[in-house]
Amino acid sequence: MQFLSLFVHQIINPLNGVIGTIDNLIDGTTPPKKRGAKLAEVRAQLEHAIDLIRNLAYLSSVTDVEKNSAIVGRPQPCVIPELIIQAAQYYQSAGLKRGMRIELSDPKTQYVVDGYPALLRQVFMNLFENSLKYSDEGSVVTITPNVQQKTGHLIIEVESFGVGFTFSERERIFELRYRGQEARNAVAAGAGLGLYIARQVMNAHNGIVEAEYSSKTRRTLFRLRFPNFRIAERL
Ligand SMILES: Nc1ncnc2c1ncn2[C@@H]1O[C@H](COP(=O)(O)OP(=O)(O)OP(=O)(O)O)[C@@H](O)[C@H]1O
Ligand SMILES: [Mg+2]
């Protein structure tokens with residue numbers, strides 16, 4: 001039962017993204033010149049959805065990689081900026097409605113992590129979904145990948161501004177079904193699944209996800225840490 005609600009949470013996002021893109025094609029928001037490219041994007045997004053259904057089986061028992069490898073295959077190179085851009089595309093039309101956009105500070109450096117692209121894409125999607133939900137209208141969500149000098153780890157920061165959470169909640173928000181007090185007051189909809197899933201997926205990639213919020217600046221920061229990564233030549 002729990003797996004079913006996690007599954008539904010994850011599959012609804014990409015499908016809503018596809019609807020948004022199709023709506024833009026129907027109502028003419030997409031200029032005729034870009035129609036072909038947009039249709040190709042929709043097709044790719046539906047492929048992601050199928051990919052995701054396959055990969056979600058992996059989430060049902062993240063620790064049992066051997067058992068699930070028959071379904072999802074072996075880990076493969078995940079090109080991080082590519083996954084970030086794909087994830088952001090799903091939220092383009094939803095973001096526009098709130099005057100918001102998602103910006104990747106460095107789309108060029110090809111950070112690569114071995115793992116499951118469909119699942120890592122979902123981590124970014126869940127973070128973006130939250131950013132659009134809990135941030136101020138007209139604000140910008142900034143993603144900054146960087147190699148931390150001290151540790152040599154790949155750190156990806158997702159920064160947004162708006163509604164937040166207390167210091168004591170910053171760990172609890174990753175628990176299954178926990179929703180922050182302020183978030184509940186601001187946005188009724190939500191089941192407290194997104195960050196739980198993000199943490200499960202990060203754990204499965206030997207990664208860490210943490211959050212912080214400053215009520216003074218209204219700044220929310222999610223930090224993804226990957227100890228194991230490499231930088232590829234441009235593909
Ligand atoms: N970008 C953000 N800014 C402020 N608070 C956030 C942000 N992302 C998450 N949170 C806090 O973390 C809580 C848990 O997030 P999570 O994504 O797991 O659940 P949700 O968004 O409430 O519901 P669901 O994802 O199931 O629709 C949120 O309720 C909110 O309190
Ligand atoms: Mg959420």
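Predicted model: local features only at pLDDT ≥ 70, side-chain atom pairs only at ≥ 80, totals over all residues.

Colleague: What makes strand 2 and strand 4 a pair?
Modeller: Two strands pair if DSSP finds at least two bridges between them. Strand 2 (residues 101-104) and strand 4 (residues 140-147) are joined by 4 bridges, so they pair. They run parallel. Glutamate 103 stands opposite threonine 142 in strand 4.

Colleague: How do you know that strand 4 pairs with strand 5?
Modeller: The cut-off is at least two bridges, and 6 bridges join them, so the pair counts. These strands run antiparallel. Threonine 144 has glutamate 157 in strand 5 as its bridge partner. Their hairpin has 6 residues between the strands, and glycine 152 there takes a positive phi near 75 degrees.

Colleague: Why are strand 1 and strand 8 called edges?
Modeller: An open sheet of 3 strands has the order 1-3-8, with antiparallel pairing. Strand 1 (76-79) and strand 8 (230-232) each have a single partner strand, so one side of each lacks a neighbour in the sheet. From one strand to the next, the twist averages 45 degrees.

Colleague: What makes you say helix 4 packs on the sheet?
Modeller: Contact means heavy atoms within 4.5 Å. Helix 4 (residues 80-90) touches strand 1 and strand 3, so it packs there. Its direction makes about 60 degrees with that of strand 1. Helix 6 (residues 117-134) also touches strand 1 and strand 3, at about 25 degrees to strand 1.

Conventions
Residues numbered from 1 in each chain as written. Chains lettered and ligands numbered in written order. Heavy atoms only, no water. Axes fitted to C-alpha atoms, helices over the stretch in contact; angles between N-to-C directions.
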